[in-house]
Amino acid sequence: MTAFFTAVDPADRRVVRDVYDLRLAAHATDIPHLPKPCLADLEGSLAVAPPATGVEEWAAYDADRRCVASVRLEFPLEENTDVVTAGVLLVHPAFRRRGVGGRIAEFVRGRAAARGRSRVLLVADTGPGDPAATPGHRFAASLGARSAAAFHHLRLHIDAAPRPEPVHEPLRLRFWGSTVPEGLVAEAARLEATLSAEAPTGRIGWDPQPSAVSRIRDFERMRIARGRRAYQCGIVDGRTGRIVAWTALSMTRANPDNALQAVTVVDPAYRGRGLGRLVKAHNLAVCRAGEPLLAHVDTWNASENTHMLRINADFGFTHAGTRWMWELGGRRSSGADEGRQTAPPDTRPHRDEQSCARRR
């Protein structure tokens, strides 16, 4: 099957909807155990990129103007500049086993080469069953990709969470929403940098990010653009004003029953005191009070991160699946447009046409 690629314009409502419909269809087939895709989240991700990252979003159409694949490529701009991550690489379930996946893989290799990236990372989630039987594993194996990392998907049913215990002086609790208070943001950046430097990354060899307030603010702008709301808690040492523990939960508009456990980090000088568990318990309690439909929380930990896996198990999280990363060899570019094949004029999707597909 021939696939024609078009860059997704955030203003093109028809193409955005086609991509969303495709991702919904793939979600129902491949990963129904995960929260469903959110249209506001997709629209925001097209408008605002992650911090220090360039993003290309592509949709592939067949000759009948049917959306057959979705590709999202993320290019780090400051560190790890030899890498591109295919955060989304999906073929519509109705068009699989027709050679579309191989065509997309070559397209991704071409885009990587055009931007000088020698390493291509693929990402896919699986449920608790045999991963070898899933489409993502079969596809990676067919491409000869090597396993680079595995992240345990953990799920907490909130009634299993511990109750928050008191925080004693000189430590104090601070709560905030989607934006870190100005007086604490430099501390948040410092803690986030320690987390980045220490977190295991399997065979990826990921360079840590620097401590930068701008990264925090850029991430907040991205989260707000995606329509997400956050609940955050910090434990502050009243003697120094330093944040010694920090955690965050994030929710999408489409999934009021689900929260994503994002950052949880404890200052190295304060570890071994149970502050990670303590700050998470207080933050979850506040989130539960503000989100009456909340039922469960999802998080991912690297398989090598035995310390965090143990802490989360003690908190009540249980294994629910795995997020896999594979490395696909790149190739040299013969020109800036290598890998780009756009639809001819009579098959290119147009803004004023009716949608030809169904959802993400």
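Predicted model: local features only at pLDDT ≥ 70, side-chain atom pairs only at ≥ 80, totals over all residues.

User: Okay. At what angle do helix 7 and helix 8 pack?
Analyst: About 45°, with the axes 11 Å apart. Helix 7 covers residues 275–290 and helix 8 covers residues 306–315. Helix 7 is therefore oblique to helix 8.

User: Left-handed or right-handed crossing?
Analyst: Helix 7 passes helix 8 in a right-handed crossing.

User: Which residues meet there?
Analyst: From helix 7, Arg 277, Lys 280, Ala 281 and Leu 284. From helix 8, Met 308, Asn 312, Asp 314 and Phe 315. By class, that contact has four nonpolar, one polar and three charged residues.

User: Switching to the cores. Which residues touch the most other members in the largest nonpolar one?
Analyst: Phe 5, Leu 73, Ile 104, Val 108, Val 120, Leu 122 and Trp 326, out of 28 residues in that core. Strands 2, 3, 4, 5 and 12 and helix 3 each supply at least two residues of this core.

User: What does Leu 122 touch, leaving out residues up to four places away in sequence?
Analyst: Leu 122 touches Ala 86, Leu 89, Leu 143, Trp 324, Met 325, Trp 326 and Leu 328.

User: And what about the second core?
Analyst: The second core is separate and has 16 residues. Among them are Ala 281, Leu 284, Leu 309 and Phe 317.

User: Now Asp 41. Buried or exposed?
Analyst: Asp 41 is buried, because its relative accessible area is 10%, under the 20% cut-off. Asp 41 sits in helix 2, residues 39–47.

User: Which residues does Asp 41 touch, beyond four places in sequence?
Analyst: Arg 226, Arg 228 and Thr 252.

User: What do the buried residues of helix 2 pack against?
Analyst: Helix 1, strand 2, strand 3 and helix 6. The buried residues of helix 2 include Ala 40, Leu 42 and Leu 46.

User: What is phi of Arg 65?
Analyst: Near 65°, a positive value in a residue other than glycine. Arg 65 is in the loop between strand 2 and strand 3. Arg 65 is partly exposed, at 28% relative accessible area.

User: And Arg 97, where does that one lie?
Analyst: Arg 97 is in the loop between strand 4 and helix 3. Its phi is positive too, about 65°. Arg 97 is exposed, with a relative accessible area of 75%.

Definitions and conventions. Residues numbered from 1 in each chain as written. Heavy atoms only, no water. Axes fitted to C-alpha atoms, helices over the stretch in contact; angles between N-to-C directions. Helix = DSSP H or I, 4+ residues; strand = E, 2+ residues; numbered from the N terminus. Parallel < 35°, antiparallel > 145°, perpendicular 65-115°, else oblique. Left-handed = near helix turned anticlockwise from the far one by under 90°. Contact = heavy atoms within 4.5 Å. Nonpolar A, V, L, I, M, F, W, Y, C, P; charged D, E, K, R; others polar. Core = buried A, V, L, I, M, F, W, Y, C linked by side-chain atoms within 4.5 Å. Buried < 20%, exposed > 50% of the residue type's maximum accessible area, 1.4 Å probe, protein only.
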